[in-house]
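Please read the points below alongside the sequence and the model.

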Amino acid sequence: MTGSLLVDNIGELVTNVAGEGEGGPLGIRHHAAVLVEAGRVAWIGPTRYAPAADRRIDAEGAAVLPGFVDSHAHLVFAGDRAAEFAARMSGQPYTGGGIRTTVGATRAASDDELRATVRRLRVEAMRQGTTTIEIKSGYGLTVADEARSLRIATEFTDETTFLGAHVVPAEYADRPDDYVGMVCGPMLAAAAPYARWIDVFCERGAFDVDHARAILACGQAVGLGVRLHANQLGPGPGVQLGVELGAASVDHCTHLTDADIEALASTATEDGGTATVATLLPGAEFSTRSPYPDARRLLDAGVTVALATDCNPGSSYTSSMPFCIALAVCEMRMTPAEAVWAATAGGAAALRRDDLGRLRPGAPADLMILDAPSHLHLAYRPGVPLIRQVLHNGVPQCRP
């Protein structure tokens, strides 16, 4: 689709550009219009001054927001773990052990089967406003399966993460050092050409801090950025390891000490955020009946917070960023404005992308039109399909 596109008659435009409109983190403008040319935002201003365009979308007074940036998702897998979910709802605690069930199904699946799952979930997420998504490997855990998982992921996103250190697979259960050696050697070599990031599940029952440090350092040595699953199942060293290694993001952050928050806050940047983002994944707490992270402590300490879905077949089988926003507001003490910012500009910060999560001239035209007059409705009306239309790089996508 070529030519210019005007989205006008916007009742509330969230730009996430500080100092815009009403000011504050969301940079809200009223009675606004957005001109799109060549897939990018070309102009933003009052509807009454909007330039002519080849095509027009009338927002009919609704709210328009930047597309969601989901910075933590596990979409390359086969099978499901509905029985495990039912067991948890009957009182069985979550330990992370079910990952190995998905590993077996993923290894047995064909490339086309894996690709179909990623495509289905990617479309599902797009329908709910997610225009950028990070996709991890981690359900293959062999050299060939990790490489093919990432190769398939690159067909759907530029933000791919090598998670060969998800758990120690059954065949290495008595030889974790040997598995770490393989992750750092042939597996990393095979995966790195398809990855931008490296990640480790630094948690009891997965990888200890020494193994995590060694794996992440090897990834850094070949040019991969660092991300880290940390402090999900209990207090631990993961958050502080992430800060030590300059991680873009430490994810989960469910159990934090004062020292963990101080470490994150110590990465403060000149723009008022932090270099290491705390990415919170409330879908996992919802699905495992676990305590929610205390986002208020992080925000009050000046830590940059992102929200993401953690979409995976075991502990958070949701692709809905609006659902995560509602949980963050109702269960994690975030304001609606903080949660929307965390799901857009916060996710972009977790990926170290300053071109995403904001609407301003020159930025990709990734945006959504709500069936609602304000961003407040994303938390105010949980579970309601409020995304009317999504534009990705200026191109209208499938409607819900």
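Which residues lie nearest the centre of the largest pocket?

1. Of the 25 residues that line the largest pocket, Asp271, Gly273, Thr304, Trp341 and Arg358 lie nearest its centre. A pocket here is an open set of points on a 1 Å grid over the protein atoms alone, where a 1.4 Å probe fits, with protein on both sides within 12 Å along at least five of seven lines; lining residues have an atom within 4 Å of a point.

2. The model is predicted: local features need pLDDT of at least 70 and side-chain atom pairs count only at pLDDT 80 or more, while totals for chains, interfaces and linings use all residues. Residues are numbered from 1 along each chain as its sequence is written, and side-chain values use heavy atoms, with hydrogens and water left out.

3. The largest pocket holds about 660 Å³ of space. Helix H12 (336–343) and helix H13 (345–350) are the elements that give two or more residues to its lining. Its lining residues comprise eleven nonpolar, eight polar and six charged. At least three residues come from each of domain 1 (4–66 + 358–397) and domain 2 (68–351).

4. The second largest pocket has about 280 Å³ of space. Its lining has 18 residues, with Thr132, Asp158, Arg353, His392 and Asn393 nearest the centre. Strand S7 gives the most to this lining, with three residues. Because domain 1 (4–66 + 358–397) and domain 2 (68–351) both contribute to the lining, this second largest pocket lies between them.

5. The unreviewed UniProt entry lists Tyr139, Asn312 and Gly314 under "binding site"; such annotations may be inferred rather than shown by experiment. The three span 176 residues in sequence, yet no two of their C-alpha atoms are more than 11.5 Å apart, so they gather at one spot. Tyr139 and Asn312 from this set belong to the lining of the largest cavity, a cavity being a set of grid points where the probe fits but cannot get out.

6. Tyr139 is found in the loop between strand S8 (135–136) and helix H4 (143–153). Its relative accessibility is 2%, so Tyr139 counts as buried (under 20% relative accessible area, 1.4 Å probe, protein chains only). Beyond neighbours within four places in sequence, Tyr139 has contacts (heavy atoms within 4.5 Å) that include His74, Arg81, His166 and Asn312.

7. Gly314 is located in the loop between strand S14 (305–307) and helix H11 (321–331). Gly314 is also buried, with a relative accessible area of 4%. Residues up to four places away in sequence aside, Gly314 touches Arg81, Glu84, Arg88 and Ser287.

Terms used. Helix = DSSP H or I, 4+ residues; strand = E, 2+ residues; numbered from the N terminus. Buried < 20%, exposed > 50% of the residue type's maximum accessible area, 1.4 Å probe, protein only. Points joined across faces, edges and corners; volume = space filled by probe spheres on them. Nonpolar A, V, L, I, M, F, W, Y, C, P; charged D, E, K, R; others polar. Domains from an automatic or database assignment.
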